[in-house]
Amino acid sequence: MFRTKRSVLVRRLWRSRAPGGEEEEEAAAGEPGAAAAAEARAHVCGGGRGCCPGKAGRGGRASAGAEAELKALTHAVLKRLKERQLEGLLHAVESRGGARTPCLLLPAKADSRLGQHWYPLPVLFCKVFRWPDLRHCSEVKRLCCCESYGKAHPELVCCNPHHLSRLCELESPPPPYSRYPMDFLKPTDCPDSVPSSTETGGTNCLAPGGLSDSQVPQEPGDRSHWCVVAYWEEKTRVGRLYSVQEPSLDIFYDLPQGNGFCLGQLNSDNKSQLVQKVRSKIGYGIQLTKEVDGVWVYNRSSYPIFIKSATLDNPDSRTLLVHKVFPGFSIKAFDYEKAYSLQRPNDHEFMQQPWTGFTVQISFVKGWGQCYTRQFISSCPCWLEVIFNNR
């Protein structure tokens with residue numbers, strides 16, 4: 001009975017492996033709509049150009065021999081796991097990371113050979129259950145919820161594929177979904193701002209760069225929170241500002257085991273069909289994490305998100321890009337050192353005005369800029385403004 005249950009769990013896990021091969025073969029054969037489906041499955045960032053290591057459709061479908069070898073290797077590894085470990089892994093895979101699942105701790109040196117390549121077990125599990133094109137451990141990043149997070153050379157390493165995310169690399173610039181002049185970083189006066197109605201019926205000054213940190217209630221010397229989050233639907237802010245004190249925050253609409261900022265609980269009077277449609281696609285949303293090197297954003301949803309931050313681009317550049325981040329990918333959205341270097345501490349006028357360099361804007365599903373009909377983020381159906389505490 002024990003062996004039978006283990007075999008059932010192993011078969012269920014194999015059936016839950018990441019898709020990709022069949023779609024790519026259909027795309028190569030010219031099936032209608034197959035190319036778009038394969039690209040959507042590939043989970044690349046920046047439209048498959050430069051920003052992320054994987055590219056849609058690279059290599060086509062694996063041969064029958066390679067598929068059989070991968071299946072044999074995966075079954076051999078899974079059959080070494082305990083029943084409780086198999087159940088936890090299956091829960092993580094079937095919930096697509098929406099449920100809180102325990103770490104799957106396995107020996108760190110137990111690498112597995114697939115073809116001519118050796119893969120660490122965490123990479124193998126990610127390759128099987130999330131990203132078939134994954135090649136190297138340098139392409140993934142551990143989430144802070146993982147027991148192996150921050151450990152350099154542990155004896156046991158977590159192999160839960162949903163305790164890792166795919167890295168967005170910005171060495172090569174992504175497609176210019178939007179380019180903004182660096183005047184975006186200059187102080188803005190409230191009279192030139194766009195007034196927008198709030199939930200309470202009053203007005204806030206929405207600067208061209210968004211909600212400035214001067215609008216965030218703060219007491220002198222208050223360091224209790226490291227950032228504040230505002231949720232907007234088009235030009236209307238919905239709900240109150242959400243103050244963040246914990247190192248990590250989930251922002252979601254519908255999460256099986258969510259603990260954080262639930263957008264689905266906010267009262268919105270917006271009857272726009274587009275807003276309601278996008279709202280329903282937020283799903284698991286994003287995870288916002290303050291780490292040693294900056295603030296990271298992990299896209300947990302099933303649709304792309306779009307991010308604009310002053311610290312994502314070259315300080316010498318005169319334009320700001322809006323970066324597209326696909327599901328399952330992480331990006332360092334804010335760098336404190338870069339932000340401080342962009343300030344002008346000796347500029348008295350600057351110190352008296354809000355500075356949008358400590359603000360990150362994130363749009364769900366819909367992008368904005370030159371490649372879209374929406375030129376400004378305030379035209380996007382559902383978006384966030386994250387204001388960092390620079391005090």
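**Exercise 1.** Determine which residues are in contact with histidine 163, where this residue lies, and whether it is buried or exposed.

*Solution.* Step 1: with neighbours within four places in sequence left aside, histidine 163 is in contact (heavy atoms within 4.5 Å) with Thr101, Pro102, Cys103, Lys141, Arg142, Leu143, Cys145, Cys146 and Cys158. The model is a predicted one, in which local features need pLDDT of at least 70 and side-chain atom pairs count only at pLDDT 80 or more, while totals for chains, interfaces and linings use all residues. Residues are numbered from 1 along each chain as its sequence is written, and side-chain values use heavy atoms, with hydrogens and water left out.

Step 1: histidine 163 belongs to the loop between strand 5 (156-158) and strand 6 (164-167); strands are DSSP runs of E, at least two residues, and helices are runs of H or I, at least four, numbered from the N terminus.

Step 2: its relative accessibility is 4%, so histidine 163 counts as buried (under 20% relative accessible area; exposed is over 50%, partly exposed in between; 1.4 Å probe, protein chains only).

Step 3: a polar atom of the histidine 163 side chain lies 3.0 Å from the backbone oxygen of threonine 101.

**Exercise 2.** Locate arginine 96 and state its phi.

*Solution.* Step 1: arginine 96 is in the loop between helix 5 (83-94) and strand 1 (105-107).

Step 1: its phi is near 55°, a positive value in a residue other than glycine. Most residues other than glycine have a negative phi.

Step 2: arginine 96 is partly exposed, at 46%.

**Exercise 3.** Identify which residues touch the most other members of the largest nonpolar core.

*Solution.* Step 1: a nonpolar core is a set of buried Ala, Val, Leu, Ile, Met, Phe, Trp, Tyr and Cys residues joined through side-chain atoms within 4.5 Å.

Step 1: among the 38 residues of the largest core, these are Val229, Val297, Ile307, Ile362, Phe364 and Phe388. Strand 18 (residues 329-334) gives the most to this core, with four residues.

Terms used
A polar contact is a pair of N or O atoms within 3.5 Å; within protein, one must be able to donate a hydrogen and the other to accept it, and residues adjacent in sequence count only if both atoms are side-chain atoms.
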